[in-house]
Amino acid sequence: YLDYAVEENEKMRKLVIELLDYSKMEYQDEKSFRESVNISQCIEGISLEFEAMAFEKEVILTTDIQQDLIIAGNKEMLERMAETLLENAIRHTEAGKEVKIVLKKDEKKVRLSVENQGEAIPEEEQRRLFEKFYHVSSPEEGHYGLGLAIAQSIAAKHHTEITVISENGWNCFITDFPFLHGE
């Protein structure tokens with residue numbers, strides 16, 4: 001019984017933290033979203049943090065990160081968004097399949113793409129993925145459907161959005177940021 005109580009307490013703690021993070025987005029100072037952030041370093045660090053999770057699930061984690069890309073934003077929030085996208089990608093990928101993190105720039109933008117091999121996400125579900133409390137997995141697994149809503153709020157604060165493309169056995173979550181400077 002004690003193990004069950006501890007587990008339930010941990011789930012409740014996680015839910016409260018997610019709710020607080022979501023509400024915090026509304027009151028975040030706009031100036032904090034205009035700092036110069038080396039998004040390359042952020043994404044590299046996050047990918048290293050999730051190598052153990054991928055290894056445990058027997059998921060192949062690959063990265064293609066262009067170095068020294070600078071965007072305007074809030075480093076902590078951008079890291080939170082990327083962590084959410086990467087955790088979801090690994091969680092929804094079967095053993096032996098691949099998750100890719102790609103960060104590249106073109107003339108005008110920096111594109112972050114978190115991609116995982118898996119079943120196609122139906123179009124109706126794609127539209128709902130970013131709704132608060134919407135989730136594919138059951139809440140008993142400790143996920144309450146707030147992560148992607150928070151990630152989308154973070155993207156909106158950075159004057160962009162997360163889009164989903166699900167085709168050819170890959171689910172891609174893509175975010176484009178205005179490019180400041182770098183390589």
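## Helices α2 and α4

The crossing of α2 and α4 is right-handed, a crossing being called left-handed if the near helix is turned anticlockwise from the far one by less than a right angle, and right-handed if clockwise. The model is predicted, so that local features need pLDDT of at least 70 and side-chain atom pairs count only at pLDDT 80 or more, whereas totals for chains, interfaces and linings use all residues. Residues are numbered from 1 along each chain as its sequence is written, and side-chain values use heavy atoms, with hydrogens and water left out.

Helix α2 (residues 39-49) packs against helix α4 (residues 75-91) at an angle of about 40 degrees, the axes lying 10 Å apart; helices (H or I, at least four residues) and strands (E, at least two) are DSSP runs, numbered from the N terminus, and axes are lines fitted to C-alpha atoms, for helices over the stretch in contact, with angles running from 0 to 180 degrees between N-to-C directions. That angle makes α2 oblique to α4, since angles under 35 degrees count as roughly parallel, over 145 as roughly antiparallel, 65 to 115 as roughly perpendicular and the rest as oblique. On the α2 side the contact (heavy atoms within 4.5 Å) includes Ile-39, Cys-42 and Ile-43, and on the α4 side it includes Lys-75, Leu-78 and Glu-79.

The side chains of Lys-75 and Glu-79 form a salt bridge at 2.9 Å, N to O, the term requiring a side-chain nitrogen of Lys or Arg within 4 Å of a carboxyl oxygen of Asp or Glu. Both residues belong to helix α4, where Lys-75 and Glu-79 are 4 residues apart, about one turn of the helix. By this rule the count of salt bridges comes to 5.

## Helices α4 and α6

Helix α4 also packs with helix α6 (residues 147-157), at an angle of about 140 degrees and with the axes 9 Å apart, which makes α4 oblique to α6. The crossing of α4 and α6 is left-handed, and among the residues that make the contact are Met-77, Leu-78 and Arg-80 of α4 together with Gly-147, Leu-148 and Ile-150 of α6.

## The sheet and its helices

Five strands form an open sheet in the order β2-β4-β5-β7-β6, with mixed pairing, where two strands pair if DSSP finds at least two bridges between them. The edge strands, each pairing on one side only, are β2 (60-65) and β6 (162-167), and the twist averages 15 degrees from one strand to the next.

Strand β2 runs parallel to strand β4 (residues 98-105), to which 6 bridges join it, and the bridge partner of Leu-61 in β4 is Val-99. Helix α2 packs on the sheet by touching β2, β4 and β5 (109-117), and its direction makes about 170 degrees with that of β2. Helix α4 likewise packs on the sheet, touching β2, β4, β5, β6 and β7 (170-178), and its direction makes about 25 degrees with that of β5.
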